[in-house]
Amino acid sequence: MNFRPSYFASILLSILFIACHSESQPVSAHPNVTGKFHEVPVTTPVAPLVYDTSTAQDQAIIAKLDAYYNKQVRAGFNGSVLVGYGGKVIYERYFGLSNKEKKMPLGPNSSSQLASVSKTFTGAATLYLYNHKYIDLNAPVQQYLKEFPYPNVTIKELLSHRSGLPDYTKWIPNYDNDQRTPVPNDRMLAMMAIYKPRLEFKPGTRFKYCNTNFAILALVIEKTTGMSYSDFMSKYIFQPLGMQHTFVYDPSKGLPANATVSYKRNWYKEPDMFADGVYGDKGIYSTPEDMYRWDQSFYKNILLDNETIELAYGPCSFEKPGIKNYGLGWRMLCYANGNKIIYHQGWWHGNNTSFYRFIKENMTIIVLGNRFTNSIYHQAPSVYAIVKGVPEMKGFDTED
């Protein structure tokens, strides 16, 4: 991962400066022990998104981005793009179809499957409960889910992918021959309690990205609040932020008319299967505009205070050298001088997603696709270079 020397200095000075947390830095809370969850949702008035592209420079950037995305469309891209800069939307486009069979075009209200970008919501919801003293990040998961069969795994290890849990998408088929019927989280946990699939490593000893971690966190949220994950996310996250087209997918109810259909590269529909019943690691549908509201909420501390946000942005794994790391629900590119790019990407069925956040610049790149193409993971460095008028930067993550 190399950078051009002249570019290295300028780009890193323009990105977030937060000192990396060390492994010894405590992350703890004092759980509420008096009774049931009783918080009142945030009622901050929702401000409309700001659009301002009136300058000649803005128009030149838009023209260059249009030319770039015209090439992407010709190469197979079907999806939505939003670029925010300085708290304003400077570019927003919808390319292709939400539903090919019905010839429905993508638009501002077309909700797309976020895939693993959903983890940023599950992580923030867990930290919301930590912030309000309902969850201790250092506590064992068994403190919240008695049937969870691994006594030494903590909440923080779930958030940081250091639990050693095996991925449910790999082990469920070993115990259930029905690959078509969606399996809900509580059944997944019941199977885990019965079969106790072997941990892949001792908890806390290394990083390995695993969907099971955030599926279990969704159950912790449910147990702690006494609400379904979907209802909690809607009442305490989506509605307070004005995210009117964001929801948690329920296979038993199907998708609303405005949701995108998931397609393979050849435009064949991707059918539901057993893993579509699991939520928390994926399963949230949203739009670029709603995602920008999500992004901007962190600058205003609407849901989380600064200290908790810094915990989320603090890298937790140091076994391997390099700039890639993972915090509490966020991926990051973490440089030696403390500068960071905060991001997450996702893939599920035909859906590819990319969500990059340059905190100090208040710049955001959101790309949501519903027809499979891994080119989405390569777009952020090109878009950043066009907007900033600089050479394209190396070192971006190009994996889901």
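How many salt bridges does a search of the whole structure find? The search finds 9. By salt bridge I mean a side-chain nitrogen of Lys or Arg within 4 Å of a carboxyl oxygen of Asp or Glu.

Some ground rules. This is a predicted model, where local features need pLDDT of at least 70 and side-chain atom pairs count only at pLDDT 80 or more, while totals for chains, interfaces and linings use all residues. Residues are numbered from 1 along each chain as its sequence is written, and side-chain values use heavy atoms, leaving out hydrogens and water.

Now the pairs. Side chains of opposite charge can pair when their charged atoms come close.

Take Asp 52 and Lys 88. Their side chains form a salt bridge at 3.2 Å, N to O. This pair ties together distant parts of the chain, 36 residues apart. Asp 52 sits in the loop between β1 (16-17) and α2 (56-74), and Lys 88 in strand β3, residues 88-95. Helices here are DSSP runs of H or I with at least four residues, strands are runs of E with at least two, and both are numbered from the N terminus.

Buried or exposed? I call a residue buried under 20% relative accessible area, exposed over 50%, and partly exposed in between, with a 1.4 Å probe and protein chains only. Asp 52 is partly exposed at 31%. Lys 88 is partly exposed at 32%.

Next, Arg 187 and Asp 176. This salt bridge is 2.6 Å, N to O. Arg 187 lies in helix α6, residues 185-195. Asp 176 is in the loop between α5 (168-175) and α6, 11 residues apart from its partner. Arg 187 is partly exposed at 36%, whereas Asp 176 is buried at 11%.

One more. Glu 200 and Lys 208 meet at 2.6 Å, N to O. Glu 200 is partly exposed at 36%, and Lys 208 is partly exposed at 38%.

On to the interior. A nonpolar core is a set of buried Ala, Val, Leu, Ile, Met, Phe, Trp, Tyr and Cys residues joined through side-chain atoms within 4.5 Å. The largest one has 83 residues. Among those with the most contacts inside it are Phe 121, Phe 148 and Trp 294. Which helix gives the most to this core? Helix α7, residues 211-225, with 8 residues.

Look at Phe 121. Contact means heavy atoms within 4.5 Å. Beyond neighbours within four places in sequence, Phe 121 touches residues including Leu 114, Met 233, Phe 238 and Trp 294.

There is also a second, separate core of 30 residues. Tyr 69, Phe 95, Met 363 and Val 367 are among its members.
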